[in-house]
Structures are given as structure tokens and as C-alpha cells.
Amino acid sequence: MEKRQKKKTDLKKYRMLFIFLGMIVLSALVNDRFLTVKNIANIMRQIAANGILACGMTFVMLTGGFDLSVGATLTLAGGTALTLQPYMGVGGAIAAALLVGALCGCFNGVILSGIKAGSGEAFMITLGSQLVIFGISLLVFKAKFIPGSKSAVYNAIGTGNLGWIPVPLLIFAATAAIAHVVLAYTSLGRRIYLTGGNYEAARLSGVRVGFYKMLVYVVVGVAAAMSAVVLTSRSGGCSSDIGKGYELDAIAAVMVGGTSTDGGEGNIGRTILGVLMIGVLNNILNLMGMSSFNQMIAKGIVVILAVWLDGSRKTDKGGAES
Amino acid sequence: MKICKSVLNFFIREKILLALLVMFAVVSAAADSFFTVGNLSNLLIQVGLYGVVALGMTFAIIGGDFDLGAGPMVSFSSMAVALLLGRVGVVPAILITLFIAFCLGLCNGLLVAKAKINSFIVTFGSMVILQGMALTLGDGSPAATNHPAFNQIGALQIGRISFIFIIFMVLLLACHWILRYTQFGRNIYAIGGNYEVARSSGIHVDFYKASLFVLSAVFAAVGGILMAARVNTGHPTIGDDMTMTVIAGVVIGGTSLSGGKGNVWRTLLGIFVMMFLSNAFDALVIQPYIQRVIKGLIIISVVAIDSYSKTKIDVGDAGVLSKISKKL
């Protein structure tokens, strides 16, 4: 009896994986161009930016936080990377972009850990910093389109291949691997889980909760800057709204994967699954030649359906405490 | 002295109102174009349009959730009503639009309450769906509302006060009554305050959870209809950015995002602050990019100060203002 119970929970744990596999089979049946090497490589190239961002967002959401400002950070960092390149070279420009990302994250993190914010406050404060950071990027770059880099190295970040494997996928995979190792196997990771799982208990057992609460926002800021580099390299330029909507896409990917909004529960594996699902969905809708308006409708329905079918994160609370 | 003290106490509790009054006075003195009848009645229209959407959001937030689909619902219903007008006439068009919103809100509500899906995912999904539907309706382009009687709703003024603002105030009073004096309203506070306790004490939580999303959708649709009447057009993206402004307004007014606290008067105050800021920035001729930065900083400082003072009160320090009040 006990064994059967255990088996059931095991299956439940992997339900999202089955939904994902089902989606792939269905996509392959619907469209014969779906399961081609070229198309798969294409999907991987497209999901990299959101994937890197979602890895960072996982850190924040594990502590029970939220970050709505990453889309704006992405825009600011992307603009920085492209604008500074003629002066500082590729390496310097990327370093500067990452620094910008870290600073934006630090700004959120210091405030949020200073006021011991819950997720409601995190929502509002990062909404405010979204306005601030986006306003700054409009001011600095005069709301103009910044043309892409002339450097072959920089352009290879988003468009190059290493053998069969697209470079952005490698960056995403490396980021995910590092994030996974940090969260699963280091004391730093365990403390992040603890901070999100039970703030008071973590504080009383000597975890510097304020520090970890701040750190996760720096992590997501740097992740936003990394996806900015990948994105501006792939799309050959940086428009003033390049990051628009990325925050919600990243949060949705993390949540489709099944990481809880209450914090303390979830992992990078789930996030990758969420990112893959949304990426495959976008791709198959495109392949089917659906109009972009209908794509939006279909995407919304499938996201809700997938989470419903998943069901393993059913809370008896009836929805998220916001 | 006693009056003085109670007035001071009132403003300590209502910091935002105090800040608003000060800013109002400063901007009136600084910009000639601000304190004019024309501009102020314009401000009231803005408050009315955003306020109606915010009323629905207030229910959702008091009940412990929020609705990311409210803004797109404004876009969608403005398109729906504009397209229906020519075919079925004013009143049926409005009723059908409200009915569609009711059904869509019910879908959201059932998905959250019955299927137990996280409300962020549900309203995120319906946000994308509604944006898509609004665009599909007119194939991406706006639709004019060529109906004099309908356009009159947006243009009508009583005194110098817009009809839109009057509708908003009537709805606000109705919401106040519902939240304060009916069992329905009290139960919404109960599920927002502590869901488990509410459920254990026999409140039909699923019903109330679902009704939050219905209310939010219907109020957003009213906002969309008024918006269409105001600009004489149904526009497929007109409301998309409203969601965050509305949530920010509700929260700045003092309704807690964690649920169970707040009322519609706070929403009126919060929305007034948000609309006042945009209006005042324009009157002061501040560059729009800098407007964003200032608006963001204001949201951050209001929420941070509010939350910080709460934690301070817990450890016994009640802040400078109340120390002054004690001395009086």
C-alpha cells in the first residue's frame, strides 16, 4: 500500500514531463517540419534568452520573491553592451553590461531586504523599479534603435554554432548547470531554500536572511544582462522595448515548471522544462502558420491547460497568495 | 488642542492623503495650467476611467489575488462594444459586452477556485488570450464608434463634471456598500485575510474566490466601454498598460496586496494619486522619460516607507510623526 502511494507521487512528480513529451509527439504529428535538426536547433536558439533569465528568476522565486523589473534591466544592459563596444571592446562591453545588470539587481535587493519584503511588496517595488530602470534606459539611449555589433565574436554569441550546437544553447546550458549545482549542492543554495521556505526559522538558525534576500536579486539582474547579450547579438541590435514582456515570460516559465510562488520549493530542472514547453509551443504555433493574434490566444490556453493537467502543485489554498 | 491632535493623528494614518494635498498645492502654485477648470475636469475623467477598473481590482486584491487580465479586458471590451454598436444598437451592445466579460471572468474564477490553478498563471494566460482576442476582433486595427448616443456617454458633462466620473462615483458607493454592509463583502475580507479560517468557518470559499475574478472582469469591461465612449474608438491595445497602473493605484491607496485589508475609498485615493502625477508632470512640462523614473521612485518609496513603518511599529518605535502627536 505504502509502495503504491510512493509510486503515485513519483509519477505525479514527472507529470509535467509527460505533458511535455505529449506535446512533442503531437507537434511532430501535426507538422512534419517540427522534428528536423534545423528546427530543433532553431528552438534552442530561441529559448536561450528566456531560459537564462528564468534560471535567475528561479533563485528569486525560491525565496518567495518576484522580479518584474528584469525586462527593463535587459533593455538597459543590452543597450550598454552595444553602445560601449566601440570604446571598450567586446569583453569590456559585456562586463559593463553584466555590471549594469548586477547594479539594477542590487538596487532592488537592498530595498527589498531592507524592508523585509513579502511577495506583495516585492511585486510593487520591482514594478516601481521597472519604471525607473526603463525610464533611465529611454533617457540614456534616447529611445532609439541601437544597431547591432560589428564584431564577429559578439555576433557569434547569438548566431554561431559549435558543431551542430548553437552557441546560445551552450550558454543557457552552462548557466543552468551552474545554477543547478549552486542550488542543489552548495550551502549557499540550501540557505536560499531555507530563506524562502521559512524566513523566521532560517533567521533564528543563523542564516543571514537579509543577505540572501539581496543576493538573489543580484543573480537575476546578472541573468537579465546575460540574456540581453544573447538577445542583442541574435537579433542584431537593441530596440527600446527589446525586453518588454520578458519578465512575465520568465515568471510564467518558472511557474509552468512548477516552482511555487510561496518560495522554498522548486528547482532548476523544472524551470528548464517550463522554458522548453513555452519555446516548443511558440515554435509549433509558428510552423502551423497561425496568425500572431491567434497564436496569443492559443499560447494562453495551452499554458493554463498544461498547469491544470500538471495538477501536482495543487494547493488546498485555491490559488496563490499574492 | 484636541482637534489639532485628532487632525494630526488622521494625517499620520493617512500619509498618502497628506502627501497628495501637499503636492497638489505645490503643483498648483508652480504650474499655471494645472489649477484650471478644464484641466481638473480632465483629471476627473482620467480618475473615472482608471477608477472603474480599479474597483474590480480592489475586490480581487482584498480577496488575496490580483488580475493581470484587467487591462487587456479593457482593450477587448472597447473593441467588442465598438463592433457590436453598429449591428445591435447601444444598449444590447453594452449588455452583450458585459455578458461576455462576465463569462470570461467566470472562466478565470472557476479555473482558480475549482481547478485550483495558481491565479498568477490563470490571469497571465487570460491576459495573453484577451490581447489576442482584442487584436483578432478588428484584425489589429481600431474600430470607430459611429453612434451619437453612445459617444454622448463619454462627452456628457453635468456642471463641469464628466458623466464618466459620476458613473465611477456611483459604482464606488455601490462597492462601498457591498464591501461594508453585506455578507458578500465581509466574506471577501474573510477569505483574503485568512483563507483557511474562512473555509473552516463554513464560508463557501470557492464561490467567493470565483466571484473575485468575475467582478474584476466586469468592472474592467465597464472601463473598456467608457473608454470607447470617451475616445469614440475601440482600440485593441488601449488598456494593455492599465493593469500595472491600476494595481499600483490600489496598493498606494493602502489596500494590502496580501489581502484582507483595504477599501474602495483607498482605491479612489490611490488612483487619484497616480492620475494626479501624470497630469501634474504634463502641467510642469517634465520629459516623459523622466516622468517614468519619478513615478517609479514614488511607488518604491511609498511601498517601502509603508512596509518599513509597519515593521518599526512592531518593535515599539512609532515614528517621528506620532511622537510629535504624543507631545501635543
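Predicted model: local features only at pLDDT ≥ 70, side-chain atom pairs only at ≥ 80, totals over all residues.
**Exercise 1.** Find which residues of helix α6 of chain A are buried, and work out why they line one face of the helix.

*Solution.* Start with the helix itself, which covers residues 152–159 of chain A. A residue is called buried here if 20 or more other C-beta atoms lie within 10 Å of its own. In α6(A), the buried residues are A:Tyr154, A:Ile157 and A:Gly158. Now look down the axis of α6(A): these buried residues fall within an arc of 80 degrees, so they line one face of the helix. Finally, see what covers them: the cover includes α4 (70–114), α7 (167–185) and α10 (209–235) of chain A.

**Exercise 2.** Describe the side of chain A that touches chain B.

*Solution.* Begin with the contact as a whole, to which chain A brings 44 residues and chain B brings 49 residues. On the chain A side, the elements giving two or more residues are α5 (119–141), α11 (246–257) and α13 (292–310). The most comes from α5(A), with 16 residues. Then sort this side by class: 25 residues are nonpolar, 13 are polar and six are charged.

**Exercise 3.** Locate the two domains of chain B and describe how they touch.

*Solution.* Next, turn to the contact, where four residues of domain 1 of chain B meet five residues of domain 2 of chain B. On the domain 1 side, helix α14 (residues 288–314) of chain B gives the most, with three residues. By class, that side has four nonpolar residues, with no polar and no charged ones.

Key:
Residues numbered from 1 in each chain as written. Chains lettered and ligands numbered in written order. Domains from an automatic or database assignment. Contact = placed C-beta atoms within 7 Å. Helix = DSSP H or I, 4+ residues; strand = E, 2+ residues; numbered from the N terminus. Nonpolar A, V, L, I, M, F, W, Y, C, P; charged D, E, K, R; others polar. Buried ≥ 20, exposed ≤ 12 C-beta atoms within 10 Å, placed from the backbone. Arc of directions from axis to C-beta.
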